[in-house]
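Open the model in your viewer and keep the sequence panel in view. The tour goes from stop to stop, with something to select at each one.

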Amino acid sequence: MAGYTEDELKEDLKQQDYKFGFVSDIESDKIQKGLNEDVIRLISSKKEEPNWLLEYRLKAFQIWKEMTEPNWAHIKYKKPEFQDIAYYSAPKQTKKYESWDDVDPEMKETMKKLGISMEEQKRLTGTAVDFVMDSVSVATSFKDKLNELGIIFCSFSEAVKEHPKLVKKYLGTVVPATDNFYAALNSAVFSDGSFCYIPKGVRCPMELSTYFRINEGGTGQFERTLVIADESSYVSYLEGCTAPQRDENQLHAAIVELIALDEAEIKYSTVQNWYPGDKNGVGGIYNFVTKRGMCHTRSKISWTQVETGSAITWKYPSCVLRGDYSIGEFYSVAVTNNYQQADTGSKMIHLGKGTKSTIISKGISSGKSHNSYRGLVQINKRAKNARNFTQCDSLLMTDTCGAHTFPYIECKNSSAQIEHEATTSKIGEDQLFYCQQRGLSEEKAIGLIVNGYCKEVLDKMPMEFAVEARKLLTLSLENSVG
Amino acid sequence: MNKLQNFRKNFNPTSIPLRKEMLTLSEEILKKNDFPTTKNEKWKYTRLGKLSRLSLEKSKDTSTIKKSSEKISEEAITIEIINGFVNTISDLPKGLIIKSLKDCSKKELAFLGENIHLENEVFHCLNSLYIQDGIYIEIEKDTKLKEEIHIVYNNLSINTFNPTRLYINSKSFSEANIVELFKSDGAENSFVNPVNEAVIHENAKLSITKIQNEEGNNFHIGSDTIYQKKDSFFKCNTITLKGQFIRNNIYVNINGTNCETHLNGAYLMDGKQHVDNQTKIDHFTPNCESHELYKGILDEKATAIFNGKVIVHPDAQKINAFQSNANVLISDDANVNSKPELEIYADDVKCSHGSTTGQLDENAIYYLRSRGISKRKAQAIVSQAFIKDVFSHIDSESSLSYIFKTLEKQHNWEFLD
Amino acid sequence: MLSIKNLHAKIEDKEILKGLNLEVKPGEVHAIMGPNGSGKSTLSSVIAGHEDYEITEGEIIYQGKLINEEAVEDRAREGIFLAFQYPIEIPGVSNINFLRAALNEIRQSKGEKDISAKEFMQRVRDKSKLVDLDQSLASRSVNEGFSGGEKKRNEIFQMAMLEPTLAILDETDSGLDIDALKVVAKGVNALKTKDNSTIVITHYQRLLDYIVPDFVHVLFDGKIVKSGDKSLALELEEKGYDWIKEINVPSL
Ligand SMILES: Nc1ncnc2c1ncn2[C@@H]1O[C@H](COP(=O)(O)OP(=O)(O)O)[C@@H](O)[C@H]1O
Ligand SMILES: [Mg+2]
């Protein structure tokens, strides 16, 4: 646990409210609110897209129009008014950045406030960063080093221009536009995002990371991430999210598609800290995200997430274990406080022989929030000797919150081994007493116990991310014991 | 006309003088609904297509038929119900009232259906509107019944719809042990729809053991709605030994402090049999505990579904709720769907659930075979070991021996202890 | 150091301590003995400040200050340490992190600077040696998966790390074999100074062969019914608790 000191924690604890809730004063290019074919054509032309991509968008739009918003998730909310959202907002900057120095100083300031100063990132951590603000990718660092290895890491728009073959081959293969309401919407209007390709046999030497930020009011963010790990390659990918404090609900409907070809491994970590709304449940991000990975033979995809933000989260990072002996993992911590609602979990679809999956989910509910785990483990007929282990634990901090578990276990093969365990309980009063008897304050004791409770998941995160996640956990549970 | 309207077009409403509002509401709900589809979460894994296509009549009064069904025990107080009509009721001891719904006064029938949920429950509505016959059981205050009450449902008819109703009134400090045996000697394409309701008053104890051993190609959709008051005890064991299509719904409403609830189930299915167990326990009051244990063995092309839901409502503190479902798949064509759910709105609770799906312990089978036991028998022994802890919750000796006998016959099991 | 006067305490409407008096001076070792259920653990929880127990009458004065209403962590920071009869498991939280957080909170409350990582690790090494605690246990999760004996030793290890002024050991000896018992006693004795005091709660006389008490008290039915020196423990061992019950009857 190097790098994280008690002092830092104490400093952070002083900051009670949402730390990242500032608005950057950056001029932006935002199109009229509303959604129709013309808007889609406009987005596509602004991005100078090829025709096939415009066709893809228009087709998705047709599909979306036929669909109705899902309402089976265990959440209650005012449905977004889809005609009242601006579907494209880009920081105004006509020319492309040639180097880091070209970046708007105001934007650099924003990044600094987020704690991701890029110079520092470059210098200290050796992490390559792609920064997506209000839908558009603004800077990608470390390109040269990655180029040498043949790794492509760039904004989605750039990938469309520079690597159209790859994009065309894989876009929508894991999450088709028909998948669900928000996937269709994203496919029609997605603005930018990150693209990553790791060539055969290459182990990406550094963590690749994307920061998403919603800055502009009245906008939605619809980014698209596509990660392709070619045969026997490896990549660890980090995703961080923040948004400023606003009274309105902003929509974030992203798609992440991962493709692990034979014997490849993708590790995808997220720390999601979108603005959760204030203490009375006003404002906050609606986070409706579709994340899915396709695993080919003997490949492995591992999702790790720490979710502390958003007014509403609706998210099920999943793995389609198509190849024989492939492995899917999902490790998650979801914290809800005040009026937040989270409905999250994972789907593991076992298609291949000897496929294995693990789901570890830790939910912590506080305030008047609701936190649900919803998961599907499906063993199909051909998936001989498939294994799944699922554990979902819920920790309750107040008597006004709710914790719910909805697992679906479907088995069509007699050789499968499926184990599911779930527990729900209050934070241990005897544990609190024990810690306090040793001199710890209640707040500190809670932070310690909660971090311990989440250890299995935090341990799966890359080091720096884990530190950030730990701090977030403690921050989001301030004053939370009822 | 949708499938449901078509399905019920030949049925004439019940002649028993039930509450008007209940009948009107049932009719209204049926009118605006159809058979639920797999889009409905509660019916996600059970298709009603075949049932909805049947062309059924209500069965004719059979109360005069002289047919003696197989009994579980000679000692028990036995009620025989044939094709949904009460046939015989044996002599009753002091403190126990049992009568056919047809013999009940309007006043006595006034509370029937009180706790049965009708909205979105077409099978409750069908039952309410078309009840043919049923029984009213009252265990009087302070009565601790020594004898068990056995209800034998025998279905003999072809292409009929047999809705029956059982009302159990467990008065304060009473104790009773009820066994329901479901059989179908010679029935084909029939639909049995038993709906039970029970009110368990303060400090009363009620145990129900259901044994389902139904031949032929028939449909069984049954439900139990239980209302528990303070300090009461309820146990239900559902043992499914045979049945082409069985759906069991158990709803327990716990409305008093310090209650105890046990739901257990065992299912041993093969062929193309289908069993769907749905349970829902609502904890409305603090300081209660509930336990659920369902285990099943699936062979050939059998399918089993378990969907157990525990809801701990706001302010129902100090609840301990445990739920467990375990399945063994013997053949490659067997299917199992398990959906144990927890919905918790209070904080001082201990709730857990577990679900496992796997195979019989191969090492144990190997060990037994190495001692000279045939593979089939070894499998039977290990299966028995797997499912035995469900049987251990059955208090009725005679039921246990009936179950063992049936398993010996159907699966060549041999019970050593 | 500690002065308890006419202490009455109840839990869930059940009165457990019924007028208890106890006087502990700096440097002294007091042993409290008594049959199961007599209120020994209750007494230690009440001194530590467990909120489930309600003091209905009487005073607890620690270092000259009335602490009846003080929060548990404040008492801990002022030097009261309780070795739990049943130490609590805290999954995922390493012993080391736990202790460092506790130590620093205590130091901060006194306006002292946090302990440096180097100094801290040195202290961990020294103190774990003192109680023969396997180094690897120090970095495992607090008490999780520890055997009964390891848990007890871990309590003494924590005591050594935090250097309390008043230590209360609640049946730290039960469940220990003679060797483990000796180790625990060695730890306690090594930490003894003329300024700090120890209250040893025990069921058996044998621990007192290794931790020699200045006073022995017998707790029965929520009160101290007999006090004496070390010989009282021997007498008790010989005659059994029934003897206490007998001599106690007239006063009931
Ligand atoms: N949480 C509690 N609620 C009610 N009674 C309690 C509780 N804890 C302890 N007691 C009762 O208090 C009495 C004293 O217990 P305790 O202090 O643990 O005794 P000892 O440590 O001397 O064995 C016992 O009768 C016990 O049953
Ligand atoms: Mg004790």
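Begin in chain A and select Y325(A), which sits in the loop between strand 17 (318–321) and strand 18 (327–336). Keep in mind that the model is a predicted one. Look at the backbone here: Y325(A) has a positive phi of about 55°, although this residue is not a glycine. Show the surface next. Y325(A) is partly exposed, with a relative accessible area of 41%.

Now go to chain C and select E171(C). Its place is the loop between strand 9 (166–170) and helix 7 (178–191) of chain C. E171(C) is not a glycine either, yet its phi is positive, at about 45°. Is E171(C) buried or exposed? At 7% relative accessibility, E171(C) counts as buried, because the limit for that word is under 20%.

Stay in chain C and select the magnesium ion, ligand 2. Which protein atoms are its donors? They are OG of S41(C) and OE1 of Q85(C), lying 2.1 to 2.2 Å from the ion. Trace each residue back along the chain: S41(C) lies in helix 1 (residues 40–48), while Q85(C) lies in the loop between strand 6 (80–83) and strand 7 (90–94), so the pair ties together parts that are 44 residues apart in sequence. Colour the two donor residues by accessibility. S41(C) counts as partly exposed at 26%, whereas Q85(C) is buried at 15%.

Move on to chain B and select E140(B), in the loop between strand 5 (133–139) and strand 6 (149–154). E140(B) is partly exposed, with a relative accessible area of 32%.

For the last stop, remain in chain B and select K3(B), K50(B), R53(B), K272(B) and K301(B) together. What do these residues form? They make up a positive surface patch. Pick out one of them, K301(B), and follow the chain on both sides: this lysine is found in the loop between strand 16 (289–298) and strand 17 (303–312) of chain B. With 46% relative accessibility, K301(B) counts as partly exposed.

Terms used:
Residues numbered from 1 in each chain as written. Chains lettered and ligands numbered in written order. Predicted model: local features only at pLDDT ≥ 70, side-chain atom pairs only at ≥ 80, totals over all residues. Heavy atoms only, no water. Donors = N, O, S within 2.8 Å, 3.2 Å for Na, K, Ca; no water. Helix = DSSP H or I, 4+ residues; strand = E, 2+ residues; numbered from the N terminus. Buried < 20%, exposed > 50% of the residue type's maximum accessible area, 1.4 Å probe, protein only. Patch = residues over 30% accessible without salt bridge, like charges linked within 9 Å, V, L, I, M, F, W, Y side chains within 5 Å. Areas by Shrake-Rupley, 256 points an atom, 1.4 Å probe, with all protein chains shown as cover. Salt bridge = Lys/Arg side-chain N within 4 Å of Asp/Glu carboxyl O. Lys, Arg positive; Asp, Glu negative; His and termini not counted. Charge placed at Lys NZ, Arg CZ, Asp CG, Glu CD.
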